[in-house]
Amino acid sequence: MASTLLLVLVFVLDLIAFGLAVAAEQRRATATINRDAEYNYCVYESDVATGLGVGSFFFLLASQLLIMFASRCLCCGRALRPGKPRSWAIVLFITCWVTFFIAEVCLLAASVRNAYHTKYRTYLAQHPPSCEVLRKGVFGAGAAFIVFTGIVSELFYVSYSKADEGSIPPRMDGGIRMNAFR
């Protein structure tokens, strides 16, 4: 039977990661062009979204590691009982890792891009500087994949637990038995 405590803990970690990703989307860095006596330059507002994105990254990582540690990453330990739960566990295991990877890439790329600020200035007669900021929705995409990862990882753990119950039945084939020669 699946551990209810583990499922609740993973749900809470995923919920925190989702909340941090949504907060990071709301607090993305914005920039304005300021004009000095002879220069144009970019001024960026607070950079709190980078920290929120990194925090979300680590909470999702902790959630994934917890599920994989509890299930022994599907490859270590004894063999699973054949049947539908094992098939679902394998499919959900692969899907879980794919959605996890996409969510982590979105969060990490958004955090790095949000932290990048242009550091140059231009003369008033030249074109204004390019104040590059993170596109809208990158942290949001990470948040969406956090939800997918949370759902799939918990379904994976439940399927894994069902396939791990009991023991593998002994094979009773009608083949020829080998005996000692006398």
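The buried residues of helix H2 are covered by, among others, helix H1 (4-26), helix H3 (84-115) and helix H4 (138-164); here, helices are DSSP runs (H or I) of at least four residues, strands are E runs of at least two, and both are numbered from the N terminus. This is a predicted model, in which local features need pLDDT of at least 70, side-chain atom pairs count only at pLDDT 80 or more, and totals for chains, interfaces and linings use all residues. Residues are numbered from 1 along each chain as its sequence is written, and side-chain values use heavy atoms, with hydrogens and water left out.

A look at H2 itself comes next. Helix H2 spans residues 48-70, 23 residues in total, and reaches 33 Å from its first C-alpha to its last, close to the expected 33 Å (1.5 Å times one less than the number of residues). Its buried residues include Leu52, Phe57, Leu60, Ile67 and Met68, where buried means under 20% relative accessible area with a 1.4 Å probe, protein chains only. After H2 comes Arg72, with a positive phi near 55°.

Four helices and three strands are present, in the order α-β-β-α-α-β-α from the N terminus. Of the 182 residues in the chain, 36% are buried.

Helices H3 and H4 also meet: their axes come within 7 Å and cross at roughly 155° (axes are lines fitted to C-alpha atoms over the stretch in contact, with angles from 0 to 180 degrees between N-to-C directions). H3 is therefore roughly antiparallel to H4, a label for angles over 145 degrees.

Key:
Buried means under 20% relative accessible area, exposed over 50%, partly exposed in between (1.4 Å probe, protein chains only). Contact means heavy atoms within 4.5 Å. Angles under 35 degrees count as roughly parallel, over 145 as roughly antiparallel, 65 to 115 as roughly perpendicular and the rest as oblique.
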